Amino acid sequence: MSSIAIVGAGPGMGLAIARTFGSHGFDVALIARNRDKLNDLVGRLEAEGITAAAFPADVLDHDALTQALKDAATRFGGIDVLEYSPAGSLESTTLTAPSETNPSDVQWAMDFLLYGAIAATRAVLPAMREAGAGTLLYTNGAGSVSSPGNRTPSGRRRTAGTCVHRDGRPHPHSRARQGRRGHAR
Ligand SMILES: NC(=O)c1ccc[n+]([C@@H]2O[C@H](COP(=O)([O-])OP(=O)(O)OC[C@H]3O[C@@H](n4cnc5c(N)ncnc54)[C@H](OP(=O)(O)O)[C@@H]3O)[C@@H](O)[C@H]2O)c1
């Protein structure tokens, strides 16, 4: 039996990915901070005939994250697929125009999205290499604030992903609001 570990498992992408892999015969390890919410997801998946289990951990706590992935590997006889997609809140993100961004503005995002992903990868990669097989998936979104001066020489907006005004409202040109592919560059 194959297994997938979903790091940052919630009711959106996490559950959808769990369902997709679970319906193709994968066992599913769900990792996030809140045990009750994870148990709810486990119950929903098991009601659909998918084997799932919860391994609570915070991606900012690398030791706990590593242990959760080790526990998942022990439970399911290894991890064949690692999927990393924790979702932070807008409040936890400092949104700045690219030209106004300080290193401290992106520190949290680095810890959350990059260093956590590296820690998770290090926890599963040795066994994958030893087995000669394994898959690593990283699912993220991105955002920036809209700024009148933030345009290319041709006048096109320099943003990638979701775009919001400084007051937090989605920008009319944002990918999420338009429901179509944005103009990432
Ligand atoms: N859903 C979409 O339409 C969409 C679109 C574009 C991009 N994305 C990207 O896809 C990813 C998933 O987004 P989603 O909204 O669909 O998420 P989701 O799978 O519904 O839930 C993500 C989970 O991450 C967990 N989390 C937050 N902080 C954590 C931490 N410090 N350690 C461990 N887990 C943590 C939260 O659970 P706990 O509070 O229990 O920890 C949350 O339930 C994100 O990177 C997002 O930017 C999503």
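I began with strands 4 and 5 (residues 135-138 for the latter), which run parallel and are joined by four bridges; strands here are DSSP runs of E of at least two residues and helices DSSP runs of H or I of at least four, both numbered from the N terminus, and two strands pair if DSSP finds at least two bridges between them. I kept in mind that this is a predicted model, in which local features need pLDDT of at least 70, side-chain atom pairs count only at pLDDT 80 or more, and totals for chains, interfaces and linings use all residues. Residues are numbered from 1 along each chain as its sequence is written.

I then looked at the other partner of strand 4, and found strand 1 (residues 3-7) paired with strand 4 in the parallel sense over four bridges. Leu 82 of strand 4 stands opposite Ala 5, and in strand 5 the bridge partner of Leu 82 is Leu 136.

Which way do the residues of strand 4 (residues 81-84) point? I noted that Val 81 and Glu 83 point one way, Leu 82 and Tyr 84 the other, and that all are buried, where buried is 20 or more other C-beta atoms within 10 Å of a residue's own, exposed is 12 or fewer and partly exposed lies in between, with C-beta atoms placed from the backbone. In a regular strand the side chains alternate between the two faces of the sheet.

Next I checked Ala 9, which is found in the loop between strand 1 and helix 1 (13-22). Ala 9 counts as buried because it has 27 C-beta neighbours inside 10 Å. Leaving aside neighbours within four places in sequence, I listed the contacts of Ala 9 (C-beta atoms, placed from the backbone, within 7 Å), among them Gly 14, Ala 18, Leu 30 and Leu 41. Ala 9 and Ala 87 are 78 residues apart in sequence, yet 8.7 Å apart in space, C-alpha to C-alpha.

Finally I looked up the confidence, and the chain averages a pLDDT (the predictor's confidence in each residue, from 0 to 100) of 84, with 76% of the residues scoring at least 70. Over residues 170-185 the pLDDT is below 50, and this stretch has 27 contacts in the model beyond near neighbours in sequence.

Note on methods: Two residues are in contact if their C-beta atoms, placed from the backbone, lie within 7 Å.
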